[in-house]
Amino acid sequence: MTDRAKSYTLHVGIVVLLAVLFFVLPAYHVGNLARIMVLAVYAIGYNLLFGYTGLLSLGHALFFAAGMYGFGMSIHLWGTPTALALVLGGLSGLVVAGIVGFLALRTRDVAFMIVTLMFAQAGYLTILYFGPTTRGDEGFVVSDAGRTLFGLDLSDEATRYWAALVLLATALLGTAALVKSRLGRALIAVRENEERAQMLGYDTTRLKYIAVVLSGTLSAVAGAAYAILFGYVGGTFATVQYSIFPLLWVLLGGAGTTIGPLIGVIFMFYLIDISSGFTDAYMFIAGVALLILCLFAPQGIAGEIRRRGLKWLP
Amino acid sequence: MDFGPHLLLATLEGAVTAAILALTAMGLSIVFGVMRVVNVAHGEFYMLGAVIAWFIATSLGAHPAIGFVAALLLAPLAVGAIAAVSDRLILSRIDYDPERTIVATIGLLYIIQQATLMTFGPDARPVEPPFNHRIALPWVEWGDGGLALYWPWGLSITSYKLFIIGAAAVVLTGIWLVMTRTRFGLIMRATQQDREMAMVFGVPVDRTFAYVFGLGAGLAAIGAVLVVPVQQAHYLMGHDPLLLSFIVVIIGGLGSLPGTVIAAILIGMTDGIISVFFSPTLAKIIATLAVAMVLVFRPQGLMGKASR
């Protein structure tokens with residue numbers, strides 16, 4: 001099998017596996033997996049910028065929240081039809097990422113981290129400032145009408161799972177195709193050595209801008225999907241916490257690998273889920289696990305798998 | 001209160017914030033400058049300083065002044081030791097790789113926070129200040145009989161808050177003397193300029209790193225010990241100082257210690273002043289965007305050197 005065929009088999013295999021799991025797993029884990037898949041789309045969006053282009057942003061919660069609020073507010077305030085509201089959610093992510101990217105890309109390295117962090121913080125504070133409309137930290141519940149898309153009731157456990165799977169499959173196969181495309185390879189070139197990419201004639205500023213906008217929009221789509229599938233929009237999703245999560249997921253799962261984000265989310269989710277089952281101090285265990293992974297699997301889980309044999313892992 | 005006295009009050013409160021911020025950010029700045037790593041657990045070392053100060057002050061049970069002095073001496077040492085050990089155990093083993101250090105220090109953050117929650121509990125606890133006199137401040141106004149001094153109601157500061165400002169100034173001067181006048185300072189500066197070259201000249205770089213990491217955490221702890229009498233110790237108190245210190249270090253210019261102090265004063269003061277006159281949330285939005293814009297148009301910070 002060629003590497004391309006192997007990678008195709010892997011990604012389709014993962015989607016099929018997730019579909020099979022729906023019938024095998026108990027209801028509790030099916031519910032968990034639906035949430036994991038949506039968060040994994042967010043992580044995939046983050047990975048596009050961090051893992052493939054090499055830009056460390058600490059402000060992705062802004063994009064996630066832009067999607068969530070773009071969707072939620074339009075339903076909440078104007079009763080927009082669900083499909084249109086979803087598009088609006090994605091669009092608001094696109095616009096926000098467009099503006100943030102334009103400004104933040106004037107900086108690099110740590111300054112880029114801080115600028116994105118600042119913009120996200122400003123976004124979070126704006127949500128709090130307009131508390132009477134946005135309901136601030138408390139958040140609001142999305143109406144039932146807002147959670148019905150093309151006649152499908154997305155608050156239903158099974159429908160929700162399939163919707164999340166469709167979204168994840170699109171994001172997963174999409175990035176797998178993207179990183180093998182000319183654009184994807186150019187982005188990796190920027191990550192590996194920006195000066196060299198520039199010397200080879202690539203407009204690296206433009207490439208980085210595309211990466212920010214793509215990554216921000218995908219994160220926003222994940223945010224909108226989270227709102228529609230779980231029926232809740234809240235300021236918590238715009239906090240620094242939610243900017244750090246995708247970084248952790250991606251680093252744990254394996255930055256710059258297509259399946260890393262999904263693995264990272266599953267790992268973190270179940271680490272906290274399982275350890276909170278027998279101790280209150282689950283964050284302690286999460287901390288220890290982070291340290292251990294950091295010491296013994298520096299490339300993340302998928303990165304470690306790639307290093308130990310599966311060299312073709314995209 | 002009129003505008004003038006109000007502004008004076010805001011400036012004084014801002015100066016206290018700025019003093020604490022300067023200490024905390026200086027710790028982060030030294031670590032960043034010398035070791036080139038982002039220490040996400042810095043805020044937790046700050047919190048540990050406050051919590052250990054509370055333990056020392058309450059277990060001594062003597063006069064508040066004795067407890068406070070003991071805490072001021074011992075808590076930073078304890079925190080510094082914890083930081084130095086974690087540097088040896090963790091950071092040195094991942095070769096100070098920038099991204100892995102972020103994950104490792106996030107892990108450290110969770111561990112320290114949770115350990116504090118389990119031992120210290122979720123309550124906020126105060127440490128009694130060693131002295132606390134209310135000092136009323138006069139204001140000058142043009143009255144019927146020419147210039148006259150009067151004491152507006154509410155315009156006052158406590159002696160302890162003045163002490164915070166003084167103590168921070170003393171510690172920062174001490175750091176400056178250490179950096180410029182001592183052998184350890186020379187070693188730190190050499191490591192900062194060129195790690196490999198320093199190693200070639202016989203500088204024990206790994207030991208220096210442990211000391212530097214301890215020193216950075218210790219500075220945060222000093223700031224925290226100074227702040228507990230006015231702001232209680234709580235296991236989540238490290239969050240805001242971490243973000244603010246980050247901003248200060250970057251705005252001041254990476255690796256520039258004077259820049260860090262200037263930025264701390266600037267940001268601490270503005271934070272104090274704007275929040276008195278505007279709604280705190282709006283003030284924060286404006287301040288946050290302003291900081292972002294400074295970086296967008298001057299990515300190297302105020303005092304940093306532009307990269308080639």
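**Ground rules**

I number residues from 1 along each chain as its sequence is written, with chains lettered from A and ligands numbered from 1 in the order in which they are written. As the model is predicted, local features need pLDDT of at least 70 and side-chain atom pairs count only at pLDDT 80 or more, while totals for chains, interfaces and linings use all residues.

**Entry 1: chain A overall**

I began with confidence, given as pLDDT (the predictor's confidence in each residue, from 0 to 100). Chain A has a mean pLDDT of 83, and 98% of its residues reach 70 or more. A reminder to myself: where pLDDT is low, the predicted coordinates should not be read in detail.

I then looked up the secondary structure, where helices (H or I, at least four residues) and strands (E, at least two) are DSSP runs numbered from the N terminus. Chain A comes to 14 helices and four strands. Its radius of gyration is 19 Å, close to the 20 Å of the globule rule for 314 residues, so chain A is as compact as a globular protein of that length. For the record, this radius is taken over C-alpha atoms, and the rule is 2.2 Å times the number of residues to the power 0.38. Along the principal axes, the C-alpha atoms of chain A fill a box of roughly 50 × 45 × 40 Å.

For burial I count other C-beta atoms, placed from the backbone, within 10 Å of a residue's own: 20 or more is buried, 12 or fewer exposed, and in between partly exposed. Buried residues make up 50% of the 314 residues in chain A. Contacts are pairs whose C-beta atoms, placed from the backbone, lie within 7 Å. In chain A, 76% of the contacts with a separation of 6 or more join residues 24 or more positions apart.

**Entry 2: chain B overall**

Chain B has eleven helices and four strands. The radius of gyration of chain B is 21 Å, close to the 19 Å that the globule rule gives for 308 residues, so chain B too is as compact as a globular protein of that length. Its C-alpha box is roughly 75 × 50 × 40 Å along the principal axes. I noted 45% of the 308 residues in chain B as buried.

**Entry 3: where the chains touch**

**Entry 4: the largest nonpolar core**

A nonpolar core here is a set of buried Ala, Val, Leu, Ile, Met, Phe, Trp, Tyr and Cys residues joined through C-beta atoms within 7 Å. The largest one has 190 residues, and A:Val41, A:Ile114, B:Ala50, B:Ala53 and B:Ala221 touch the most other members. Helix H2 (residues 27-52) of chain A supplies the largest share, 16 residues. Beyond its neighbours within four places in sequence, A:Val41 contacts residues including A:Leu167, A:Ala171 and A:Leu218.

**Entry 5: H2 of chain B**

I checked the length of helix H2 (residues 42-60) of chain B: at 1.5 Å a residue its 19 residues should span 27 Å, and its end C-alpha atoms are 27 Å apart, which agrees. The expected span is 1.5 Å times one less than the number of residues. H2(B) is mostly covered, with 15 of its 19 residues buried. B:Leu48 is in this helix and is buried, with 29 other C-beta atoms within 10 Å. Leaving out residues up to four places away, B:Leu48 touches B:Val79, B:Ile82, B:Ile112 and B:Ala221. After H2(B) comes B:Gly61, with a positive phi near 65 degrees.

**Entry 6: a loop with positive phi**

Most residues other than glycine have a negative phi. B:Asp95 has a positive phi near 60 degrees and sits in the loop between helix H3 (64-89) and H4 of chain B. Is B:Asp95 buried or exposed? B:Asp95 counts as exposed, with 9 C-beta neighbours inside 10 Å. B:Tyr96 has a positive phi of about 55 degrees and counts as partly exposed, with 17 such neighbours.

Terms used:
Two residues are in contact if their C-beta atoms, placed from the backbone, lie within 7 Å.
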